[in-house]
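Please keep the sequence and the three-dimensional view at hand while reading.

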Amino acid sequence: MASVQPPPLRSWDDFVLSSARFAVPDVRNLDRWNNRMINNLLYYQSNYFLSAAGFLLIVGYFQPFQLFVGMTVVTLLFVGFVWAAENQAPIRRFRRNHPSITVLAILLASYLFLSVLGGVGVFLCGIAFPILMVLIHASIRLRNLKNKLENKLESIGLKRTPMGLLLEALGQEQEAGS
């Protein structure tokens, strides 16, 4: 297995400007929509990371403690869920069969825990908003030939990326590259 490599940053033109093609996904074909999202998450992961990091820096400048608490809670809940899914067969099956519900459950549990701590506003602005923007872009961005080629390299194991590892942790490794 190849070592984990960060993917290159895609051009702004390819990411959102003139050469980018967007279309509303067909909500009647959930498998195709899921495939589009996963492949876009893999292909544009550096752009998504930089966009989310920039937004987090802005929020962190104004509310550093609440943002830190929010990121800690979400990270602990995510790591706890991945550990439980790897060690408990029913949770592993649920994770593979219902990936959207899994992500929503992690975010909802984070929200409920943070509401007790009082960091709900910072959580919603600093963590959930960038995730929402990434998922919307990944849903509506149409794939191109270069995107498909890069995803095939990831799926056959020639390249390993951080997003690929995250998708594997969420039980989506069988979908990537298809």
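Over which ring does the charged end of R141 sit? The charged end of R141 sits over the ring of F22, 5.9 Å from its centre. A charge is taken to sit over a ring if NZ of Lys or CZ of Arg is within 6 Å of the ring centre and within 35 degrees of the ring normal.

## Basis of the model

The model is predicted: local features need pLDDT of at least 70, side-chain atom pairs count only at pLDDT 80 or more, and totals for chains, interfaces and linings use all residues. Residues are numbered from 1 along each chain as its sequence is written, and side-chain values use heavy atoms, with hydrogens and water left out.

## Overall architecture

The protein has 9 helices and 0 strands. Helices (H or I, at least four residues) and strands (E, at least two) are DSSP runs, numbered from the N terminus. Read from that terminus, the order of elements is α-α-α-α-α-α-α-α-α.

Of the 178 residues in the protein, 39% are buried. Buried means under 20% relative accessible area, exposed over 50%, and partly exposed in between, with a 1.4 Å probe and protein chains only. Among contacts with a separation of 6 or more, 78% join residues 24 or more positions apart; contact means heavy atoms within 4.5 Å.

## Packing of helix 2 and helix 9

Two packed helices are described by the angle between their axes and the distance between the axes. The axes of helix 2 (residues 30-43) and helix 9 (residues 162-169) come within 8 Å and cross at roughly 145°. Axes are lines fitted to C-alpha atoms, for helices over the stretch in contact, and angles run from 0 to 180 degrees between N-to-C directions. The crossing is right-handed; a crossing is left-handed if the near helix is turned anticlockwise from the far one by less than a right angle, and right-handed if clockwise.

On the side of helix 2, I38, L41 and L42 take part, meeting M163, G164 and L167 of helix 9. The residues of this contact comprise 5 nonpolar, 1 polar and no charged. Here Ala, Val, Leu, Ile, Met, Phe, Trp, Tyr, Cys and Pro count as nonpolar, Asp, Glu, Lys and Arg as charged, and the others, Gly among them, as polar.

## Aromatic pairs

The structure contains 7 aromatic pairs. Rings of Phe, Tyr and Trp (its six-membered ring) pair if their centres lie within 6.5 Å; planes under 30 degrees apart count as stacked, over 60 as edge-to-face and the rest as tilted. One of the pairs, F15 with Y44, is tilted, at 5.5 Å centre to centre and 55° between the planes. F15 belongs to helix 1 (residues 12-15) and Y44 to the loop between helix 2 and helix 3 (45-62), so that the pair links parts of the chain 29 residues apart.

F15 is buried at 5% relative accessibility, and Y44 is buried at 0%. The rings of Y44 and Y48 have centres 6.3 Å apart and planes at 65°, so this pair is edge-to-face. Ring pairs join W12, F15, Y43, Y44 and Y48 into a cluster. The charged end of R10 sits over the ring of Y43, 3.9 Å from its centre.

## Surroundings of P7

P7 lies in the segment before helix 1 and counts as buried because its relative accessibility is 12%. P7 and Y43 are 36 residues apart in sequence and 7.8 Å apart in space, C-alpha to C-alpha. Leaving aside residues up to four places away in sequence, P7 touches Q45, S46, T161 and P162.
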